[in-house]
Amino acid sequence: MKHPAGPPMTLGNMRGLGVRRLIASCLNDACRHTALIDVWSYAAETEMPYFSSHVVCAKCGGRGNKIDVRPNWKEQPTQASLVGKEWR
């Protein structure tokens, strides 16, 4: 059984996890453009769905449900685990 979805992630929560930028990917098969979005100037309480509805692909002009916007987890700092190995 699936659990109900929790509240949307905020930029404050994302920044607390060490991530400072979003990655936007165009879902248009003919385009597939990706870009990093620096969101440092937005308020910490700004929710992630805000960006999904406002981002426009710079290559093809796609918008709305044609753009996938997520935290750029690749920039999250590595942390040592309880067994001494690093993980993201």
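User: Hi! Which residues have the most contacts inside the largest nonpolar core?
Analyst: Met14, Leu22, Val39, Phe51, Val55, Ile67 and Val69, in a core of 15 residues. A nonpolar core here is a set of buried Ala, Val, Leu, Ile, Met, Phe, Trp, Tyr and Cys residues joined through side-chain atoms within 4.5 Å; buried means under 20% relative accessible area with a 1.4 Å probe, protein chains only. This is a predicted model, where local features need pLDDT of at least 70, side-chain atom pairs count only at pLDDT 80 or more, and totals for chains, interfaces and linings use all residues. Residues are numbered from 1 along each chain as its sequence is written, and side-chain values use heavy atoms, leaving out hydrogens and water.

User: Thanks! Which elements give two or more residues to this core?
Analyst: Those are α1 (11-16), β1 (21-26), α2 (48-52) and β3 (67-71). Helices (H or I, at least four residues) and strands (E, at least two) are DSSP runs, numbered from the N terminus.

User: And which one gives the largest share?
Analyst: β1, with three residues.

User: What does Ile67 touch?
Analyst: Leaving aside residues up to four places away in sequence, Ile67 touches Ala24, Ser25, Cys26, Leu27, Val55, Cys57 and Gly62. Contact means heavy atoms within 4.5 Å.

User: Switching topic: where is His54?
Analyst: His54 sits in the loop between α2 and β3. Its C-alpha atom is 7.1 Å from that of Gly64, 10 residues apart along the chain.

Definitions and conventions
Buried means under 20% relative accessible area, exposed over 50%, partly exposed in between (1.4 Å probe, protein chains only).
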